[in-house]
Amino acid sequence: PIISIRPLLFVTSLSLFSSKEKKQESPKTTKMADETVKSLSETIQHADQLFDENNFQEAYDLLQKYSAQETYEIKWRLARVTFSLSKPQPSPRKEELVREAFRYAEEALKLNDGDFASHKWYSILLDAKSSLDGIKERVTQLETVKQHMQRAVELNPNDPTSWYILGHFYYGLADLPWYQRKIVSTIFATPPTGTYEQALDCFEKAEATQPSFYSMNHLMLAKTYQALKQAEKAKEFMTLAANVAVLNEDDKQCKEEATKLLKKM
């Protein structure tokens, strides 16, 4: 029988990945270059605004219209918005969009491996794509996914979403059922590891960097404290998660799960 591995990254829509990742282009000397930079700056500013407002299709269309497609700032944004577009889609369209998003992330990383956004989106989309290719491929890519997450954090330790993603990765490994652990151990001589303590450290760093930046970080703090048998802290953050104002699909999922879990506490 086919055993599916639980996703390690539950990254969905998202105001989570907003303009925190914006970069400014260096000024150019020639008039033509100045116009290109101005056009690029205007395009990414508008695309970011559309993305932050959850207008993903419009953002996607705008980025696709930009003349210089082999531009790093365009590529990683295409990866981000295409992944967001995939979320509500049924199969097989969802899978097609995930693979398209991964191609953009791969191209972005080749264009600039010195920026945190390229490593962040490569890790997210490698995990998403490999999950479509079967459990062996998913598990085989775990270490690479982790390396790119860690690199994103190294390059920009002030980005709360990178800490959240790394924390979710550690939590996912710590929370693996025994049968999935067995599959991991058959593929790796030294399997990638993660603990609840490592997850908690990442979620706390994310929260310290930008308090209340993301409802799901409150939920994951609560679940991690619960796993570590710190009941009072778990209840504190579970209450925050259950009382979130619902502004997007992530908030909705967070509120529903936290409300159910809170009743059991």
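**Reading the helix packing**

Me: H3 and H4 are roughly antiparallel to each other. Why are H3 and H4 called that?

Reply: The axes of helix H3 (residues 72-86) and helix H4 (residues 93-111) cross at roughly 160 degrees. Angles over 145 degrees count as roughly antiparallel (under 35 is roughly parallel, 65 to 115 roughly perpendicular, the rest oblique). H3 and H4 are therefore roughly antiparallel. The model is predicted: local features need pLDDT of at least 70, side-chain atom pairs count only at pLDDT 80 or more, and totals for chains, interfaces and linings use all residues. Residues are numbered from 1 along each chain as its sequence is written, and side-chain values use heavy atoms, with hydrogens and water left out.

Me: How do you know what the angle and distance refer to?

Reply: Axes are lines fitted to C-alpha atoms, for helices over the stretch in contact, and angles run from 0 to 180 degrees between N-to-C directions. The H3 and H4 axes come within 8 Å.

Me: What makes the contact of H3 with H4?

Reply: Contact means heavy atoms within 4.5 Å. From H3 come Tyr72, Lys75, Trp76, Leu78, Ala79, Thr82, Phe83, Leu85 and Ser86. They meet Lys94, Leu97, Val98, Glu100, Ala101, Tyr104, Ala105, Glu107, Ala108 and Leu111 of H4. By class there are 13 nonpolar, two polar and four charged residues (Ala, Val, Leu, Ile, Met, Phe, Trp, Tyr, Cys and Pro are nonpolar; Asp, Glu, Lys and Arg charged; the others, Gly among them, polar).

Me: Which hand does the crossing of H3 and H4 have?

Reply: H3 passes H4 in a left-handed crossing. That name applies if the near helix is turned anticlockwise from the far one by less than a right angle; clockwise is right-handed.

Me: Why is H7 described as roughly antiparallel to H8?

Reply: Helix H7 (residues 142-155) and helix H8 (residues 160-174) pack at about 150 degrees, with axes 9 Å apart. That angle makes H7 roughly antiparallel to H8. Their crossing is left-handed. Among the contact residues are Leu142, Val145 and Met149 of H7, and Trp163, Phe169 and Tyr170 of H8. The H7 contact with H8 divides into 11 nonpolar, two polar and one charged.

Me: What makes H11 and H12 roughly antiparallel?

Reply: Helix H11 (residues 215-227) and H12 cross at roughly 155 degrees, their axes coming within 8 Å. H11 and H12 are therefore roughly antiparallel to each other. The crossing is left-handed. Including Leu219, Ala222 and Tyr225 in H11, the contact reaches Phe237, Met238 and Leu240 in H12. The H11 contact with H12 splits into nine nonpolar, two polar and two charged.

Me: Why is Ala242 called buried?

Reply: Ala242 has a relative accessible area of 8%. Buried means under 20% (exposed is over 50%, partly exposed in between; 1.4 Å probe, protein chains only). Ala242 is therefore buried. Ala242 lies in helix H12 (residues 231-242). Leaving aside neighbours within four places in sequence, Ala242 contacts Lys255, Ala258, Thr259 and Leu262. Its C-alpha atom is 9.1 Å from that of Ser215, 27 residues away along the chain.

Me: How many helices and strands does the protein chain have?

Reply: The protein chain has 13 helices and zero strands. Helices (H or I, at least four residues) and strands (E, at least two) are DSSP runs, numbered from the N terminus. Of its 265 residues, 50% count as buried. Residues 24 or more positions apart account for 64% of the contacts with a separation of 6 or more.
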